[in-house]
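Welcome to this guided tour. Please open your viewer and get ready to select a few residues one after another.

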Amino acid sequence: ALVIPSTTIERVAATLEAHGAIARGYLGLGLQPVRLGSGGVGAMVMSVDPDGPGSAAGLRQGDIITTWNGEALRGVQMLLRGLGPASVGTRATLAVSRGGAPLDFEIDIGERPEV
């Protein structure tokens, strides 16, 4: 049996009826979790969609994302949870380590393209 809360159905049904799909946020980045020297966790950029928001923001392969909107990254899943339907069209601030040097980026979250 599948159980879905009625509040979820009400919220999703209206969006599906109006738009035909549920939008998801998109960075255009392939990410891999990595351990940081400080003992924390980061997300290494393994690939960059040349037409995606990450590329437009200036992120590069090999960059390591260390914070998301000022909060220390606890893993790639943290980024994915931040890319829900409400994230599309918003801006996120990322702290990145590039070759050991700290950099800050602002990225406009796009809508995940259909596959």
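Two notes before we move on. You are looking at a predicted model, in which local features need pLDDT of at least 70 and side-chain atom pairs count only at pLDDT 80 or more, while totals for chains, interfaces and linings use all residues. Residues are numbered from 1 along each chain as its sequence is written, and side-chain values use heavy atoms, with hydrogens and water left out.

**Stop 1: the whole chain**

Switch to a cartoon view. Trace the chain from the N terminus and the elements run α-β-β-β-α-β-β-α-β-β-β.

How much of the chain is buried? Buried residues make up 30% of the 115 residues. Here, buried means under 20% relative accessible area, exposed means over 50%, and partly exposed is in between (1.4 Å probe, protein chains only).

Of the contacts with a separation of 6 or more, 49% are between residues 24 or more positions apart.

**Stop 2: the nonpolar core**

Select Leu31, Ile65 and Trp68. These residues have the most contacts inside the largest nonpolar core, which has 19 residues. The elements giving two or more residues to this core are β2 (29–35), β3 (41–48), β4 (64–68), α3, β6 and β7 (101–108). A nonpolar core is a set of buried Ala, Val, Leu, Ile, Met, Phe, Trp, Tyr and Cys residues joined through side-chain atoms within 4.5 Å. In soluble globular proteins, nonpolar side chains tend to be buried together.

Now keep leucine 31 selected; leucine 31 is in strand β2. Which residues does leucine 31 touch, not counting those up to four places away in sequence? They are Ala43, Met44, Val45, Met46, Ile65, Val76 and Leu79. Try the distance tool on leucine 31 and alanine 43: they are 12 residues apart in sequence, and their C-alpha atoms are 5.7 Å apart in space.

Leucine 29 also lies in strand β2. Leucine 29 counts as buried because its relative accessibility is 16%. Its C-alpha atom is separated by 4.8 Å from that of valine 48, which is 19 residues away along the chain. Leaving aside neighbours within four places in sequence, the contacts of leucine 29 include Val45, Gly54 and Leu59.

**Stop 3: the largest pocket**

Next, select Tyr26, Leu27, Gly28, Leu29, Gly30, Leu31, Val76, Leu79, Leu80, Leu83 and Arg112, which line the largest pocket. β2 and α3 each supply at least two residues of this lining.

**Stop 4: aspartate 63**

Go to the loop between α2 (53–57) and β4, where aspartate 63 is found. Is aspartate 63 buried or exposed? Its relative accessibility is 2%, so aspartate 63 counts as buried. Its side chain makes a polar contact with the side chain of arginine 98 at 2.8 Å. A polar contact is a pair of N or O atoms within 3.5 Å; within protein, one must be able to donate a hydrogen and the other to accept it, and residues adjacent in sequence count only if both atoms are side-chain atoms.

**Stop 5: serine 87**

Select serine 87, in the loop between α3 (76–81) and β6 (91–98). Serine 87 is buried, with a relative accessible area of 8%. Its side chain reaches the backbone oxygen of glycine 84 at 2.6 Å. Beyond neighbours within four places in sequence, serine 87 is in contact with Gly25, Gly82 and Ile109.

**Stop 6: two last residues**

Asparagine 69 lies in the loop between β4 and β5 (71–72). Asparagine 69 is not a glycine, yet has a positive phi of about 50°. With 44% relative accessibility, asparagine 69 counts as partly exposed.

Finish at glutamate 114, in the segment after β8 (110–111). Glutamate 114 is exposed, with a relative accessible area of 78%. Glutamate 114 and alanine 23 are 91 residues apart in sequence and 9.7 Å apart in space, C-alpha to C-alpha.

Technical notes: Helices (H or I, at least four residues) and strands (E, at least two) are DSSP runs, numbered from the N terminus. Contact means heavy atoms within 4.5 Å. On a 1 Å grid over the protein atoms alone, a cavity is a set of points where a 1.4 Å probe fits but cannot get out, and a pocket is an open set with protein on both sides within 12 Å along at least five of seven lines; lining residues have an atom within 4 Å of a point.
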